[in-house]
Amino acid sequence: MALGALSVEGVAKRFGAAAVLDGLSLRIAGGSFTALLGASGSGKTTLLRLVAGFEAPDAGRILLDGADMDGIPPYERPVNLVFQSYALFPHMSVADNIGYGLRREGLAAGEVRRRVSEMLALVRLDGLEDRKPRQLSGGQAQRVALARALAKRPKLLLLDEPMAALDRGLREHTRSELKRLHRELGTTFVLVTHDQEEALALADRVALLDRGHLAQEGTPEDLYERPASLAVARFVGEINLIGGRTSDGGTVEIPGLGSIRVPARLPIGSEVFVGIRPEKIDIGAVGWPATVTDVAYHGDRSVYRLALAGGVEIRASRPNRTGEQAEVGESVGVSWPEGAALVFPK
Amino acid sequence: MSLRLLILGLVFAFLYGPILWIVVFSFNEGRLVTLWSGFSTRWYGELLRNQRLMDAAGLSLVIAAISATLATILGSLSGFALARLGRFRGRLLFAGALGAVLTLPEVILGLAQLLAFVALDDLPGWPGRGAATIVAAHATLGMAYVALVVQARLSDFDRSLEEAALDLGATPATVFLTVTLPLILPALGGGWLIAFMLSLDDVVLASFVSGPGATTLPMVVFSSARLGLNPQINALATLMVGIGALAVLSAVWLLGRRQELSR
């Protein structure tokens, strides 16, 4: 197994009266690229600070490659963190920033220089070693922060909202850079983010935190296609939710609309939500009769607001491949593949 | 427009006119301090040959340097306590005690310190009133200013810089020496200069707590001004204005540097 496996076992952390983490357990495989996804207040940043060693858990254990991190200060953990603000030392040059951690290890000056230029080449910043942080652009500062953390050759690299301070054009580029670094180094990357798109696009595993609990852990497809709960379905991507009641194991009765076949098995007579992702919905001649009440044009796709019988309203997203669009007021048929419908207990 | 310039001119004349007067007349040939009789630097020469004034100036500089250094050490520790230790027991009392030094009239402060030093006179090994007690009095005043400056600098200090250093393998002591100290050094330097100038131009505290052996420069100036104006004092004042301006400009530059650094 690859190095850098993180195991969080029943970790709890309170700040005053507020329980930020409430018995959280999570396993992160060595060498993986895992995103800790969650809204603000979900506890993701607290978990990050616990792993880095800036806070101590009130209960539970944090193990890195099987070694209990309890009582080990941040400066002795084989874990490095890229701060959201980058936290570059303003009084040091780029080279001194990157070499800071190496000098702390007592490496000889020549070895430090060699490793620093190696890191500069890795993040493609050759030639900027003598700049001061204030002379760097946002993207350059971020790469210096990355190089500084990676120079220590950590088993585990923590990234705290690394894209938050970058503008849109730069994010796309930085994402592919992060993926490249992860591929080349094989270090475990743990990315903390509130941006679900970023988590889905970057990580090979996503752990969704919800108010101090682990809501779901899995591949990006698991979270999007097979959300474990209503909260996960709502947080990751968009979803239409239609209230109904199960009439037998395989169908849900929706007032005014009729019965919908669903894949999940739930006890008969239970109140449920049927969830359908907007892009799974087909608009055509067949299916449930509906009226288009609004069309929002997004260029590559259009989002339609559709009124169905029984006051049910849903949103459908269709790619604009042929230029044909349904218009407001048009009567259409709405359908979706049977497997696309998700069922959640109310 | 011309009215604004006029008002500006009047304000500056009001602020700096008397000082300019002294500077100009320090180069006066004659003995009279109100009548211009030609340019000369003779008073500077006489000043340098005046052993009493030179001794006082030397003592003042030594006292200012030592008390400013003590004030910087004690004031930095106080500033750290106020900015970093959270809401410890007695924090309000401590902050209030420091603030009191800043707001109390110097006459009261001087009197209080005199009474304290008199009470300590019976202590075996106590040096008695003189240069040492002036240093103690000035360090007390100076540390309150330094604490204020250091606390302000630390309160807008980005703590993630220290966390980053810890994360990169630096022990807390190394973090302080390699990250915290270099970044607050300008504030410490500015605080030292403020304390130095406070000590150099203080006449009230020094008059209260000094003994017969120790006379600082401001004390000499003050007493000689009462005996009659002497052009040597003008020359001395001009030099002190020069030193003071240099110190203030340095302090402003040092304290202003943090904006540039923290960007």
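Let's start with strand β14 of chain A, residues 271–276. Four bridges join β14(A) to β20(A), and the two strands run antiparallel. One pair to find on screen: A:Val274 stands opposite A:Val343 in β20(A). Keep in mind that this is a predicted model.

Now widen the view. β14 and β20 belong to an open sheet of five strands in chain A. The order is β13-β12-β11-β14-β20, and the pairing is antiparallel. Which strands sit at the edges? They are β13, residues 258–261, and β20, residues 342–345, of chain A. Each of these pairs on one side only. From one strand to the next, the twist averages 45°.

Next, another set of strands in chain A. Take β9, residues 205–210. β9 has strand β3, residues 33–37, as a parallel partner, over four bridges. Here A:Thr34 stands opposite A:Arg205 in β9(A). β9(A) also pairs with β10, residues 213–218 of chain A. That pairing is antiparallel, with five bridges. Look for A:Val206, opposite A:Gly218 in β10(A). β9(A) and β10(A) form a hairpin with two residues between the strands. In that hairpin, A:Arg211 takes a positive phi near 45°. As a general point, strands of a sheet pair through backbone hydrogen bonds, either parallel or antiparallel.

On to helices. Find α4, residues 138–150, and α5, residues 168–185, both in chain A. Their axes come within 12 Å and cross at roughly 15°. Angles under 35 degrees count as roughly parallel, and α4(A) and α5(A) are therefore roughly parallel to each other. The crossing of α4(A) and α5(A) is right-handed. Who makes the contact? From α4(A), it is A:Gly139, A:Gln142, A:Leu146 and A:Leu150. From α5(A), it is A:Leu170, A:Thr174, A:Leu178, A:Leu181 and A:Leu185. Of the residues in this contact, six are nonpolar, three are polar and none is charged.

Last topic: the two chains together. How many residues does each chain bring to the contact? Chain B gives 22 residues and chain A gives 23. Between them, chain B and chain A bury about 1,900 Å². Of that area, 63% is on carbon and sulfur atoms. Which residues of chain B lose the most area to chain A? B:Glu163, B:Asp167 and B:Leu168 do. Together they make up 35% of what the chain B side buries.

Notes
Residues are numbered from 1 along each chain as its sequence is written. Chains are lettered from A and ligands numbered from 1 in the order in which they are written. This is a predicted model: local features need pLDDT of at least 70, side-chain atom pairs count only at pLDDT 80 or more; totals for chains, interfaces and linings use all residues. Side-chain values use heavy atoms; hydrogens and water are left out. Axes are lines fitted to C-alpha atoms, for helices over the stretch in contact, and angles run from 0 to 180 degrees between N-to-C directions. Angles under 35 degrees count as roughly parallel, over 145 as roughly antiparallel, 65 to 115 as roughly perpendicular and the rest as oblique. A crossing is left-handed if the near helix is turned anticlockwise from the far one by less than a right angle, and right-handed if clockwise. Contact means heavy atoms within 4.5 Å. Ala, Val, Leu, Ile, Met, Phe, Trp, Tyr, Cys and Pro count as nonpolar, Asp, Glu, Lys and Arg as charged, and the others, Gly among them, as polar. Two strands pair if DSSP finds at least two bridges between them. Buried area is the accessible area (1.4 Å probe) that two parts lose on being put together, summed over both.
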